[in-house]
Amino acid sequence: ALEEETIIFRRLILKTGEARFQVNEKAVSQGEYHQQLEGINILSKVRNFLVFQGDVEATAQRQGKDLTAFFEQISGSEGFR
(Lines give C-alpha, C1' and ligand atoms only; values in the text may rest on other atoms or scores of the structure.)
Protein backbone atom coordinates (compact mmCIF):
# COMPACT_ATOMS: atom_id res chain seq x y z
CA ALA A 1 0.00 0.00 0.00
CA LEU A 2 1.19 3.50 -0.80
CA GLU A 3 1.55 5.89 2.10
CA GLU A 4 0.32 9.41 1.55
CA GLU A 5 2.58 12.24 2.63
CA THR A 6 1.44 15.81 3.03
CA ILE A 7 3.86 18.48 1.89
CA ILE A 8 3.04 22.10 2.68
CA PHE A 9 4.29 24.71 0.21
CA ARG A 10 4.11 28.36 1.17
CA ARG A 11 5.20 31.48 -0.69
CA LEU A 12 5.16 34.67 1.33
CA ILE A 13 5.21 38.11 -0.25
CA LEU A 14 6.44 40.78 2.14
CA LYS A 15 5.31 44.41 2.09
CA THR A 16 8.62 45.24 0.42
CA GLY A 17 7.71 42.92 -2.47
CA GLU A 18 10.34 40.36 -1.47
CA ALA A 19 9.30 36.71 -1.76
CA ARG A 20 10.12 34.06 0.84
CA PHE A 21 9.64 30.34 0.26
CA GLN A 22 8.89 27.52 2.70
CA VAL A 23 8.43 23.78 2.39
CA ASN A 24 6.93 22.13 5.46
CA GLU A 25 7.51 25.38 7.38
CA LYS A 26 11.26 25.31 6.63
CA ALA A 27 12.74 28.29 4.78
CA VAL A 28 14.16 27.25 1.41
CA SER A 29 15.58 29.04 -1.62
CA GLN A 30 13.35 29.79 -4.59
CA GLY A 31 15.26 27.18 -6.58
CA GLU A 32 14.72 24.47 -3.94
CA TYR A 33 11.03 25.42 -3.72
CA HIS A 34 10.56 24.99 -7.48
CA GLN A 35 12.64 21.81 -7.52
CA GLN A 36 10.41 20.22 -4.89
CA LEU A 37 7.28 21.29 -6.79
CA GLU A 38 8.68 19.72 -9.96
CA GLY A 39 9.36 16.55 -7.95
CA ILE A 40 5.60 16.11 -7.63
CA ASN A 41 4.93 17.15 -11.26
CA ILE A 42 3.85 20.72 -10.57
CA LEU A 43 5.66 22.79 -13.17
CA SER A 44 5.34 26.27 -11.74
CA LYS A 45 7.47 27.84 -14.47
CA VAL A 46 4.93 26.86 -17.13
CA ARG A 47 1.97 27.81 -14.94
CA ASN A 48 0.22 24.44 -15.17
CA PHE A 49 -0.98 24.53 -11.57
CA LEU A 50 -3.06 27.71 -11.55
CA VAL A 51 -5.56 29.20 -13.95
CA PHE A 52 -5.06 32.92 -14.22
CA GLN A 53 -7.76 35.35 -15.25
CA GLY A 54 -7.82 35.58 -19.03
CA ASP A 55 -5.86 32.33 -19.61
CA VAL A 56 -8.89 30.31 -20.66
CA GLU A 57 -9.92 32.88 -23.27
CA ALA A 58 -6.34 33.26 -24.52
CA THR A 59 -5.98 29.48 -24.85
CA ALA A 60 -9.27 29.20 -26.72
CA GLN A 61 -7.99 31.71 -29.29
CA ARG A 62 -4.78 29.74 -30.04
CA GLN A 63 -4.62 27.77 -33.26
CA GLY A 64 -2.36 25.36 -35.13
CA LYS A 65 1.29 25.13 -34.14
CA ASP A 66 0.85 27.74 -31.40
CA LEU A 67 -1.80 25.59 -29.70
CA THR A 68 0.33 22.45 -30.09
CA ALA A 69 3.38 24.22 -28.63
CA PHE A 70 1.27 25.46 -25.70
CA PHE A 71 0.04 21.96 -24.83
CA GLU A 72 3.56 20.53 -25.18
CA GLN A 73 4.84 23.21 -22.80
CA ILE A 74 2.24 22.72 -20.06
CA SER A 75 2.44 18.92 -20.26
CA GLY A 76 6.20 18.94 -20.05
CA SER A 77 6.54 16.93 -23.26
CA GLU A 78 8.43 19.59 -25.25
CA GLY A 79 11.70 18.21 -23.93
CA PHE A 80 11.06 14.89 -25.70
CA ARG A 81 11.12 16.21 -29.29
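Start by selecting Asn24: this residue has a positive phi near 50 degrees and belongs to the hairpin of strand 2 and strand 3, with two residues between the strands. Strands here are DSSP runs of E with at least two residues, and helices are runs of H or I with at least four, both numbered from the N terminus. The model is predicted, so local features need pLDDT of at least 70 and side-chain atom pairs count only at pLDDT 80 or more, while totals for chains, interfaces and linings use all residues. Residues are numbered from 1 along each chain as its sequence is written, and side-chain values use heavy atoms, with hydrogens and water left out.

Next, show strand 2 together with residues 26-28, which form strand 3; the two run antiparallel and are joined by three bridges. Two strands count as paired if DSSP finds at least two bridges between them. Click on Phe21 and look across to strand 3, where Val28 stands opposite.

Phe9 has Val23 of strand 2 as its bridge partner, and Leu12 stands opposite Arg20 in strand 2. In the hairpin between these strands, five residues separate the two, and Gly17 has a positive phi near 95 degrees.

With the three strands displayed, the sheet is open, its order is 1-2-3 and its pairing is antiparallel. Strand 1 and strand 3 are the edges, each with a single partner strand, so one side of each has no neighbour in the sheet. On average, neighbouring strands of this sheet are turned by 35 degrees against each other, direction ignored; the axes are lines fitted to C-alpha atoms, and angles between N-to-C directions run from 0 to 180 degrees.

Stay on strand 2 and select Gln22. Is Gln22 buried or exposed? Gln22 counts as buried because its relative accessibility is 18% (buried is under 20% relative accessible area, exposed over 50%, partly exposed in between, with a 1.4 Å probe and protein chains only). Beyond its neighbours within four places in sequence, Gln22 has contacts that include Ile8, Arg10, Ala27 and Tyr33 (contact is heavy atoms within 4.5 Å).

Finally, move to residues 64-75, helix 3. From first C-alpha to last, its 12 residues reach 17 Å, close to the 16 Å expected at 1.5 Å a residue; the expected span is 1.5 Å times one less than the number of residues. Select Gly76, which follows helix 3 and has a positive phi near 85 degrees.
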